[in-house]
Amino acid sequence: EIKAGSGPGEMGPVIDQASHDSILSYIEHSEKSGAKILLDGRSWKKDEGYWIGPTVIQHSSLQDKTISEEVFGPVLSVYPVQSWEEAVDIENSSPFGNAASIYTTHGGNAEWFTSRFRASMLGVNIG
């Protein structure tokens, strides 16, 4: 479990009020659009600083702006797909293309995905 703080294994606040408000707006927009908040970092509050904890959102639509825009905060978007091809199509359609990862115990699965991803950094069992 990640905790709020500045020590080892802890996560600090975001940089400023504008960043905090922007991140919150993405989470709230997703929630209002029908996404499920699987892990909600909005509960992190301290007297000083702009605290927001890790947040995991399961989306039901690829139209959600939290999937298509960079949030610049501790937010992970999850979107269930029907096939491997659909997953690759979604990743390859991103204008950002920074990184893609596959987590598997089968080398053949890793090869299948990494040979099809267009991202600059590819990971197998690492972020």
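Trainee: Which residue in β5 is the bridge partner of Ile57?

Mentor: Please keep in mind that this is a predicted model. The bridge partner of Ile57 in β5 is Ser77. That bridge belongs to the pairing of β4 with β5, which is parallel and comprises four bridges.

Trainee: How many bridges join β3 to β4, and in which sense do these strands run?

Mentor: Strand β4 covers residues 55-58, and three bridges join β3 to β4 in the antiparallel sense. As an example, Leu39 has Val56 as its bridge partner in β4.

Trainee: What is the order of the strands in this sheet?

Mentor: The order is β3-β4-β5, in an open sheet of three strands with mixed pairing. Because β3 and β5 each have a single partner strand, they stand at the edges, and one side of each is left without a neighbour in the sheet. From one strand to the next, the twist averages 30 degrees.

Trainee: How should I think about the side chains of a strand?

Mentor: In general, side chains in a regular strand alternate between the two faces of the sheet. For a case to examine here, take Leu38, which lies in strand β3, residues 36-39. Setting aside residues up to four places away in sequence, Leu38 touches Val56 and Gln58.

Trainee: Which helix lies across β3, β4 and β5?

Mentor: Helix α1, residues 17-32, lies across these three strands and runs at about 30 degrees to β4.

Trainee: Why does the pair of Trp84 and Phe113 tie together parts that are apart in sequence?

Mentor: Trp84 lies in helix α3 whereas Phe113 lies in helix α4, residues 107-114, so the pair ties together parts 29 residues apart in sequence. Separation can also be read between Leu38 and Phe113: they are 75 residues apart in sequence, and their C-alpha atoms are 26 Å apart in space.

Trainee: Which residues lie nearest the centre of the largest pocket?

Mentor: They are Ile67, Leu76, Ser77, Glu91 and Ala99, among the 31 residues that line this pocket. Two or more lining residues come from each of α2 (65-68), β5 (75-78), α3 (84-92) and β6 (99-102). The lining has 18 nonpolar, 10 polar and three charged residues, and the volume of the pocket is about 1,300 Å³.

Trainee: How many helices and strands does the protein have?

Mentor: There are four helices and seven strands. Read from the N terminus on, the elements run β-β-α-β-β-α-β-α-β-α-β. Along the principal axes, the C-alpha atoms fill a box of roughly 50 × 35 × 25 Å.

Note on methods
Residues are numbered from 1 along each chain as its sequence is written. This is a predicted model: local features need pLDDT of at least 70, side-chain atom pairs count only at pLDDT 80 or more; totals for chains, interfaces and linings use all residues. Side-chain values use heavy atoms; hydrogens and water are left out. On a 1 Å grid over the protein atoms alone, a cavity is a set of points where a 1.4 Å probe fits but cannot get out, and a pocket is an open set with protein on both sides within 12 Å along at least five of seven lines; lining residues have an atom within 4 Å of a point. Grid points are joined across faces, edges and corners, and a volume is the space filled by probe spheres set on the points. Ala, Val, Leu, Ile, Met, Phe, Trp, Tyr, Cys and Pro count as nonpolar, Asp, Glu, Lys and Arg as charged, and the others, Gly among them, as polar. Contact means heavy atoms within 4.5 Å. Two strands pair if DSSP finds at least two bridges between them. Axes are lines fitted to C-alpha atoms, for helices over the stretch in contact, and angles run from 0 to 180 degrees between N-to-C directions.
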